[in-house]
Amino acid sequence: QVQLVESGGGLVQAGGSLRLSCAASGRTFSGNAMGWFRQAPGKEREFVATISWSGRSLFYADSVQGRFTISRDNAKNTEYLQMNSLKPEDTAIYYCAAAKGGIVTQGISDYVFWGRGTQVTVSS
(Lines give C-alpha, C1' and ligand atoms only; values in the text may rest on other atoms or scores of the structure.)
Protein backbone atom coordinates (compact mmCIF):
# COMPACT_ATOMS: atom_id res chain seq x y z
CA GLN A 1 0.00 0.00 0.00
CA VAL A 2 2.96 2.34 0.66
CA GLN A 3 5.10 3.30 -2.33
CA LEU A 4 8.45 5.05 -1.93
CA VAL A 5 10.60 6.98 -4.38
CA GLU A 6 14.08 8.27 -3.50
CA SER A 7 15.77 11.31 -4.99
CA GLY A 8 18.72 13.59 -4.34
CA GLY A 9 21.63 11.26 -4.95
CA GLY A 10 24.62 12.32 -6.97
CA LEU A 11 28.36 12.84 -7.14
CA VAL A 12 30.13 14.83 -4.43
CA GLN A 13 33.65 15.30 -3.17
CA ALA A 14 34.74 14.06 0.23
CA GLY A 15 33.64 16.50 2.90
CA GLY A 16 30.62 17.61 0.91
CA SER A 17 26.93 17.24 1.61
CA LEU A 18 23.84 15.78 0.01
CA ARG A 19 20.20 15.71 1.03
CA LEU A 20 18.19 12.67 0.06
CA SER A 21 14.42 12.73 -0.12
CA CYS A 22 11.93 9.90 -0.06
CA ALA A 23 8.46 10.64 -1.33
CA ALA A 24 5.81 8.30 0.01
CA SER A 25 2.33 7.58 -1.19
CA GLY A 26 -0.35 5.71 0.66
CA ARG A 27 -2.80 6.53 3.41
CA THR A 28 -0.86 4.64 6.11
CA PHE A 29 2.39 6.55 5.75
CA SER A 30 2.06 8.41 9.06
CA GLY A 31 1.73 5.13 10.94
CA ASN A 32 5.05 3.68 9.75
CA ALA A 33 8.50 4.11 11.14
CA MET A 34 10.85 4.98 8.30
CA GLY A 35 14.45 4.16 7.60
CA TRP A 36 17.39 4.50 5.28
CA PHE A 37 19.63 1.65 4.22
CA ARG A 38 22.57 1.54 1.85
CA GLN A 39 24.36 -1.05 -0.20
CA ALA A 40 27.84 -0.77 -1.66
CA PRO A 41 29.13 -3.05 -4.43
CA GLY A 42 29.92 -6.49 -3.06
CA LYS A 43 28.47 -5.64 0.34
CA GLU A 44 25.30 -6.54 2.19
CA ARG A 45 22.61 -3.95 2.56
CA GLU A 46 23.24 -2.13 5.83
CA PHE A 47 21.21 0.00 8.17
CA VAL A 48 21.83 3.76 8.17
CA ALA A 49 19.10 5.52 10.14
CA THR A 50 15.51 5.21 11.31
CA ILE A 51 12.79 7.51 12.60
CA SER A 52 9.54 6.70 14.38
CA TRP A 53 6.19 7.53 12.87
CA SER A 54 5.89 10.55 15.19
CA GLY A 55 9.41 11.76 14.45
CA ARG A 56 10.22 11.78 18.16
CA SER A 57 12.61 8.83 18.17
CA LEU A 58 15.74 8.61 16.03
CA PHE A 59 18.48 6.01 15.75
CA TYR A 60 21.64 5.92 13.64
CA ALA A 61 24.31 3.48 12.66
CA ASP A 62 27.62 4.18 14.38
CA SER A 63 29.25 4.81 11.02
CA VAL A 64 27.07 7.86 10.31
CA GLN A 65 26.39 9.14 13.82
CA GLY A 66 27.07 12.87 14.02
CA ARG A 67 27.22 13.28 10.25
CA PHE A 68 23.78 12.23 9.01
CA THR A 69 20.38 13.45 10.14
CA ILE A 70 17.09 11.71 9.42
CA SER A 71 13.82 13.63 9.48
CA ARG A 72 10.29 13.37 8.18
CA ASP A 73 7.44 15.63 7.27
CA ASN A 74 4.24 13.66 7.48
CA ALA A 75 2.21 16.52 6.04
CA LYS A 76 4.31 16.24 2.89
CA ASN A 77 4.60 12.44 3.05
CA THR A 78 8.35 12.81 2.80
CA GLU A 79 11.39 11.43 4.62
CA TYR A 80 14.80 13.06 4.41
CA LEU A 81 18.40 12.12 5.02
CA GLN A 82 20.79 15.04 5.37
CA MET A 83 24.32 13.77 4.81
CA ASN A 84 27.24 15.97 5.84
CA SER A 85 31.00 15.41 5.95
CA LEU A 86 30.67 12.68 3.37
CA LYS A 87 33.42 10.10 3.04
CA PRO A 88 34.31 7.81 0.14
CA GLU A 89 33.11 4.86 2.22
CA ASP A 90 29.62 6.39 2.15
CA THR A 91 29.44 5.55 -1.55
CA ALA A 92 26.48 3.25 -2.05
CA ILE A 93 22.97 2.97 -3.33
CA TYR A 94 20.71 4.44 -0.68
CA TYR A 95 17.28 2.96 -0.11
CA CYS A 96 14.30 4.43 1.65
CA ALA A 97 12.12 1.97 3.54
CA ALA A 98 8.96 1.88 5.63
CA ALA A 99 8.63 -0.45 8.59
CA LYS A 100 5.59 -2.51 9.44
CA GLY A 101 5.32 -0.80 12.82
CA GLY A 102 5.69 2.70 14.16
CA ILE A 103 8.75 2.18 16.38
CA VAL A 104 12.34 2.76 15.32
CA THR A 105 14.15 -0.38 14.25
CA GLN A 106 17.39 -1.26 12.51
CA GLY A 107 16.22 -4.73 11.59
CA ILE A 108 16.02 -5.07 7.85
CA SER A 109 13.30 -7.69 8.15
CA ASP A 110 11.07 -5.15 9.91
CA TYR A 111 10.82 -3.07 6.76
CA VAL A 112 8.15 -4.12 4.31
CA PHE A 113 8.10 -1.29 1.75
CA TRP A 114 11.17 -0.25 -0.21
CA GLY A 115 12.14 2.32 -2.77
CA ARG A 116 14.34 1.40 -5.71
CA GLY A 117 17.32 3.39 -4.47
CA THR A 118 19.37 6.41 -5.41
CA GLN A 119 23.12 6.38 -6.08
CA VAL A 120 25.46 8.37 -3.85
CA THR A 121 29.09 8.58 -4.94
CA VAL A 122 31.74 10.33 -2.86
CA SER A 123 35.05 10.97 -4.59
CA SER A 124 38.50 11.67 -3.19
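With a relative accessibility of 41%, S85 is classed as partly exposed, a label that lies between buried (under 20% relative accessible area) and exposed (over 50%), worked out with a 1.4 Å probe on protein chains only. The structure is a predicted model, in which local features need pLDDT of at least 70 and side-chain atom pairs count only at pLDDT 80 or more, while totals for chains, interfaces and linings use all residues. Residues are numbered from 1 along each chain as its sequence is written, and side-chain values use heavy atoms, with hydrogens and water left out.

S85 belongs to the loop between β8 and β9, where strands (E, at least two residues) and helices (H or I, at least four) are DSSP runs numbered from the N terminus. Although S85 is not a glycine, its phi is positive, at about 50 degrees. Most residues other than glycine have a negative phi. N77, in the loop between β7 and β8, is also a residue other than glycine with a positive phi, near 55 degrees, and N77 is partly exposed, with a relative accessible area of 26%.

## The nonpolar core

The largest nonpolar core holds 32 residues, and those that touch the most other members are L4, W36, V48, F68, L81, M83 and Y94. Such a core is a set of buried Ala, Val, Leu, Ile, Met, Phe, Trp, Tyr and Cys residues joined through side-chain atoms within 4.5 Å. Two or more residues come from each of β3 (18–25), β4 (34–39), β5 (46–51), β7 (68–73), β8 (78–83), β9 (92–99) and β11 (118–123), and β9 contributes the most, with six residues.

L81 has contacts, meaning heavy atoms within 4.5 Å, with L18, R19, L20, W36, V48, A49, F68, T69, I70 and Y94, when residues up to four places away in sequence are not counted. S21, which is found in strand β3, is buried, with a relative accessible area of 19%. Leaving aside residues up to four places away in sequence, S21 touches V5, E6, S7, W36, T78, E79 and Y80.

## The strands around β5

Where does β5 stand, mostly covered or mostly open? Five of the six residues of β5 are buried, so the strand is mostly covered. Strands count as paired if DSSP finds at least two bridges between them, and β4 runs antiparallel to β5, joined by five bridges. One of the residue pairs is F37 with its bridge partner F47 in β5. The hairpin of these two strands has six residues between them, and there G42 takes a positive phi near 75 degrees.

On to the next strand, β5 pairs with β6 (residues 58–60) in the antiparallel sense over three bridges, and T50 has F59 in β6 as its bridge partner. This hairpin of β5 and β6 has six residues between the strands, with G55 taking a positive phi near 85 degrees.

β11 pairs with strand β2 (residues 10–13) in the parallel sense over four bridges, and the bridge partner of V12 is V122 in β11. β11 also pairs with β9, in the antiparallel sense and over three bridges, with I93 standing opposite Q119 in β11.
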